[in-house]
Amino acid sequence: MAQLGALRVIEQSGIKIDYISGTSMGAVIGAMYAMGYTVDEIEFYLKKVNWDELMSNDIPRNRLPYLNKDDEKYLLNIGIKDGKFMLPKAFNYGHYMLKVLSYLTMRSHDVKDFSTLSIPFLCMTTDLETGQSIALESGNLTDALRASVAFPSIFAPGEIDGRLYVDGGVRNNLPIAILKDEKLMDFVIAIDVQGKLYNNEELDGIIEVLEQVGSFQNALYFEEQKEKADVMIRPAIDEFDIDDYQLTDTIIKRGYRESLLYLEQLRSVAEKQGEISPARPSGIATPLQIFPVDSIFVYGVPEKQAQLALGKLHLKKVGEYSLENLDRGIDFLYGSKVYDKANFQYKTLNNKKTAVFELREKSTRHGLRFGLHYDDDFSIALLTNYTMLNAGLPNSTLKIDFALSENPRASASWIVERGFVPSIGIRATANRFQPKLYDNLEPISEISLFNYNVDLLLQSTNSNN
């Protein structure tokens, strides 16, 4: 957010910006400015982001399908693929982040060449297989930004054309040289908000040691190219942490105050350019809250799966849609646990305004989950769950649950979802309960109760409160 303060001063100087490069969050802010957002609009929309939800990737309970509302009781999730246990690639798959990026870039979903934006733009990412620093200059802007901010271990890698990418800051956290050497810019302004390497006294824990080792390569590369910057703006923000969202206003002011030191130098560059850059018009890049849809297209999954997805989104026909309802539908789709990726793009295809949904099914159809539970009726229990997707029929889910305790419980369900038509299924439950009988607070007897149920069901959810 400190970069916004610097952008205000750059605007005040009257400089005309010819190219923007960015890495990670710098890529997001750089892309928004390149699309045509004003600085005030960038600040407004980034302040609307729920950063806690973005970092946790939690779907609100009223946006979870009914059958998945109890999933939060599990602490550990392990996928199974080809008979092998698969740990997740990161703590956060990045659904919320992808959704926010798609929302922010909505007016540029038709752009394929980033040089055709209001200001030409590129973002840096790192190829996870080769370790190479890669500049993304074309393709899907949302996916490019998603890849650039995929901080290793926190966010899952971004996938583009079968390649896996992580945060560009792994190799190139401040892409200066590419503008000077490849794009032939005469004057480069760099806004540096990255942290410094720790000193000896600060290396007092495993986290700090791992961060230091991971930062060496980027720090060395930065030393090689920083001399190519004509102005290096470095706001005094080392005291702040990555999650100090409540201090946004203070951080923006720090960026503004530091950048004022370079205002006269920037104004002299603007005078050499011969014309002062005019004020940016507002509203040309901001998301559409209500928008017409002439056609709907789903790709990435078979036709039957696409129809099911449209049922979950409650999209049946063309017409006007609201971004709020679409946002809720995409959360509901991701919350079904069937997809690793559920993304929306608003494009013009064959002269029609088209809602395009990209879906990617989970690579692991089987999974184990574990949790702990305690109450004073059933006592403490180890919860175990086995889930299998497409179990026998497409769009079906098999769930088997055990609660291992002195009062054991078990359940199994097999549900087939059918889009707009009610789901069908079968469910079996069993539990044992051993209550005591008391006389004047003294236990005098114990009864063993056994309960078994088998249900055949039709299910449709009308209100997901």
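A: The protein has 12 helices and 22 strands; these are DSSP runs numbered from the N terminus, with helices being H or I over at least four residues and strands being E over at least two. This is a predicted model, in which local features need pLDDT of at least 70 and side-chain atom pairs count only at pLDDT 80 or more, while totals for chains, interfaces and linings use all residues. Residues are numbered from 1 along each chain as its sequence is written, and side-chain values use heavy atoms, with hydrogens and water left out.

Some overall values first. Along the principal axes, the C-alpha atoms fill a box of roughly 95 × 60 × 45 Å. Of the 465 residues, 45% are buried, where buried means under 20% relative accessible area, exposed means over 50%, and partly exposed lies in between (1.4 Å probe, protein chains only). Among contacts (heavy atoms within 4.5 Å) with a separation of 6 or more, 65% join residues 24 or more positions apart.

Now to the helix pairs, starting with α1 (residues 2–13). Its axis and that of α9 (residues 248–260) come within 6 Å and cross at roughly 40°. Axes here are lines fitted to C-alpha atoms, for helices over the stretch in contact, and angles run from 0 to 180 degrees between N-to-C directions. That angle makes α1 oblique to α9: under 35 degrees counts as roughly parallel, over 145 as roughly antiparallel, 65 to 115 as roughly perpendicular, and the rest as oblique. The crossing of α1 and α9 is right-handed, meaning that the near helix is turned clockwise from the far one by less than a right angle, with anticlockwise being left-handed. On the α1 side, the residues are A2, L4, G5, A6, R8, V9 and Q12, and they meet I251, I252, G255, Y256, S259 and L260 of α9. By class, this contact has eight nonpolar residues, four polar and one charged; Ala, Val, Leu, Ile, Met, Phe, Trp, Tyr, Cys and Pro count as nonpolar, Asp, Glu, Lys and Arg as charged, and the others, Gly among them, as polar.

Helix α1 also packs on α3, with axes 10 Å apart and an angle of about 165°. That makes these two helices roughly antiparallel, and their crossing is left-handed. L4, L7, R8 and E11 of α1 contact V39, D40, I42 and E43 of α3, a set with four nonpolar residues, no polar ones and four charged.

I42 turns up again in the largest nonpolar core, which has 41 residues; M32, Y37, I42, F121 and L145 touch the most other members. Such a core is a set of buried Ala, Val, Leu, Ile, Met, Phe, Trp, Tyr and Cys residues joined through side-chain atoms within 4.5 Å. Two or more residues each come from α1, α2 (25–35), α3 (39–48), α4 (51–56), α5 (95–104), β4 (121–127) and α6 (141–148), and α2 gives the most, with eight. Beyond its neighbours within four places in sequence, L145 is in contact with A27, V28, A31, L101, T105, F121 and C123. A second, separate core has 22 residues, including V293, A306, A309 and V338.

Helix α5 leads on to another pair. Its axis and that of α12 (residues 323–335) come within 11 Å and cross at roughly 155°, which makes α5 roughly antiparallel to α12. Here the crossing is right-handed. H95, K99 and Y103 of α5 meet L323, D327, I330, D331 and Y334 of α12; the classes are four nonpolar, one polar and three charged.

H95 is worth a stop: it is buried, at 4% relative accessible area. Not counting residues up to four places away in sequence, H95 touches N57, I59, I330, D331, Y334 and A342.
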